[in-house]
Each structure stands twice: as structure tokens, then as C-alpha cells.
Amino acid sequence: MRFGLAIQNDFPANLRPADLVAPMREQVAAAAEAGFSSVWMLQHYLGNLPTLQPIPTLAALAADAGDMAIGTNMLILPLHHPVEVAETYATLDHLSGGRAVAGFGLGYRENEFESFGIPLDERVSRYEESVAIVRALWTGEPVDFAGRHYTLKGQRISLPPVRPGGPPIWVGAGAHRTGARRAARLGDAWIIPPHVTPERLATVLRWYREAGATGERDVVVRRELVLDPDPERAMAIGRAARGALTRAYSAFNVPDATESYRQLSDAGAAEDVAAHSYLFTTPERCVRRLKELADLGVTYVILRMQWYDLPQERVLRTLALFRDEVLPHFQHETGGE
């Protein structure tokens, strides 16, 4: 099992993101020193949290990342033209020495799609056409494509990626049968949302394998993490910070396809998710929970340790505990992308 660190790049309105670049660099350097395999950033537009866009921010942090992979978790693919996506990730691949990972999601916020002039009901078809075009362009060969949304006539990418065939594409999809099938069909890996319980994981991973996903692909699960010797303190810290972020996200319309996420704003549901899916706990219990995920077939865990206004010192404390008391139990399995 390998581990990635999700770096916070959306912040409360009272914080100035320019002041938080140095702490982000400190976290990335600490993760590289600890033995993490990758760093990740999310994407949103027009929200109530000032958000640093992931591609330029990851490019700025590439040197701090050392040998770690750098990836998006997730880029909202239907809001972008696939030619721009192919060229931009190829650029990131060159700037990082071939360590870019293209994490693509469908998106869900109605205000984003409306403002970009893209119907929300086109997001799946745009996503699928875009993946096909991006992969074709990354071969470096001329591309002919005639789809519902995009057309290319004998066009060749100006900058082929460092890696032959381009960065791996990790599909972000919900924990349902349709998401499992999409990830198996389109992706090199599937990133599963953090609120999915181990019991639900067992079911959706069976669907993923039935849809044709081979054992060579990473099965990636996101998890929220706060470590502390006192499990009650860890839970209280994690729930307060993660809950503040959930309440901020709940200000936006969410389509029915992500109803499970909408329910996280309910206090009872949030408490259940924190207890069964998030890792707000002691290092010893964290090891047990991660090994349970490994037994289900999970090979990669992306850990987020900071939400809303959680202080830097708490993040670094969790990172240190993970490095010293958790990661050694999986050290023989870690490594770069």
C-alpha cells in the first residue's frame, strides 16, 4: 500500500492564500521526507472558499515534491476543452520530470456548469469524449476525432508528455455501479471518495473487478486523517475542521447522483461517517484500519490532513505521527509513482 498527501488549497475567506504558500511547501517537503508517494490538489471555481487552482500550484510545488508524483484530485474535466487539458498536463509532466498524474472528475456544482455555459446533463458525454481525445493526443500522433462536443482533424499535440502515452489517468467516480464501470473502462486507476465505508467498499470493488478492472491497476481510496495519542481528541479535532468544510460545501446545489455527499451535512450522518470512514484516531488504530482496506484490495490511500482553518502545527503533528508510527508498517510497499 502506498500513500499520497492531499494538500489543502481551498481556504476560509478570512485567510489570504498567498500567506499559505510557505506552509504548503513545508507540508510537501515533510511528506517527501516521510516517504509519501504523491501530493494532490482539488479544483473548484466560483465558490465561497478562496481556492488556488491546482495545476499552477502543483507546478510551483514540483521542486519541493522531490521524487513524489503530483496529481489533481480532481480536475473538473467537463469544464475544460480536451486540447487544453492535454497540453497543460503535458506541460506539468515536463516541469515535474514525468511525475504528473491526471486525476479527472465529473464535477457536481450547478453554479460552475451554468457559469461556464455547459449543461450539467452533458458532463458524462463531455468527460468520455475528453478522455479519448487526451489519450489520443498524448500518443504524439495526428488525431482525427468527430464527437458530439469536440472535433479534431489531423491535429498533433505540440508538446508530447515525458512519459510515453502521457500521465496515468485516475478516474474520480462515486461509489456506485455506474462509477465503478466508468472507472474500469476509462481509467488507469479509480479514486473512491473518502466517506465510503469499508462495507460499501467491498461491494463497489467487486463491481469494479466485474467491469474488467485488472489487478495491475491501483485501487485508490481517499481518507481524512487526524492522529493523536488520545482518540477522543483526534475525533473532536477532525470532526470540527472537516465539519466546517462540509458546511461550506453544502451552500452549493448538488445533483441527485451525489446524494450521499449531500447527506454529510446532516449531523447524525456526519458522525457516522467520521466514526466508520475517516481516520480520526490513534496511530495504532490507524494501522489496523489501513490494513483492513488493504485486505479489501485497496493499494493506494490519499490522505487529507487539513480542512478549513486547522492549524499548520496540527497538520505537521499528524504527519510526524504517521511517519513514525504508521508508515513503518507499510514501508516495504511504498515508493514513487
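Tutor: We begin with α3 (residues 82–95) and α5 (residues 123–138), whose axes come within 9 Å and cross at roughly 45 degrees. The model is predicted, so local features need pLDDT of at least 70 and side-chain atom pairs pLDDT 80 or more, while totals for chains, interfaces and linings use all residues. Residues are numbered from 1 along each chain as its sequence is written, and side-chain values use heavy atoms, with hydrogens and water left out.

Student: Why is α3 called oblique to α5?

Tutor: Angles under 35 degrees count as roughly parallel, over 145 as roughly antiparallel, 65 to 115 as roughly perpendicular and the rest as oblique. The axes of α3 and α5 cross at roughly 45 degrees, and that makes the pair oblique. Axes here are lines fitted to C-alpha atoms, for helices over the stretch in contact, and angles run from 0 to 180 degrees between N-to-C directions.

Student: Which residues of α3 and α5 meet?

Tutor: P82, V83, V85, A86, Y89 and A90 in α3 meet S130, I133, V134, L137 and W138 in α5; contact means heavy atoms within 4.5 Å.

Student: What makes α11 and α12 roughly perpendicular?

Tutor: Helix α11 (residues 283–296) and helix α12 (residues 312–326) pack at about 70 degrees, with axes 10 Å apart. That angle is therefore in the roughly perpendicular class. On the α11 side, P283, C286, V287 and L290 make the contacts, and their partners in α12 are L321, F322, E325 and V326.

Student: What makes α1 roughly parallel to α12?

Tutor: The angle between α1 and α12 is about 5 degrees, and their axes lie 10 Å apart. That makes α1 roughly parallel to α12. Among the residues that meet are P23, A30 and A34 in α1, with V315 and L319 among those in α12.

Student: How do you know that the length of α12 agrees with its number of residues?

Tutor: The expected span is 1.5 Å times one less than the number of residues. For the 15 residues of α12 this should give 21 Å, and the end C-alpha atoms are 20 Å apart, which agrees. The elements that cover the buried residues of α12 include β1 (2–6), β10 (218–227) and α8 (231–249).

Student: Why is E122 called buried?

Tutor: Buried means under 20% relative accessible area, exposed over 50%, and partly exposed in between, with a 1.4 Å probe and protein chains only. E122 has 14% relative accessibility and therefore counts as buried. It lies in the loop between α4 (110–116) and α5. Not counting residues up to four places away in sequence, E122 touches R148 and H149.

Student: What makes P168 buried?

Tutor: Its relative accessible area is 13%, so P168 is buried. P168 is in the loop between β7 (151–155) and β8 (169–172).

Student: How do you know that the buried residues of α7 line one face of the helix?

Tutor: In α7, P198, L201, V204, L205, W207 and Y208 are buried. Seen down the axis, these buried residues fall within an arc of 160 degrees, so they line one face; the arc is that of the directions from the helix axis to the C-beta atoms. On the other side of α7, E199 and E210 are exposed.

Definitions and conventions:
Helices (H or I, at least four residues) and strands (E, at least two) are DSSP runs, numbered from the N terminus.
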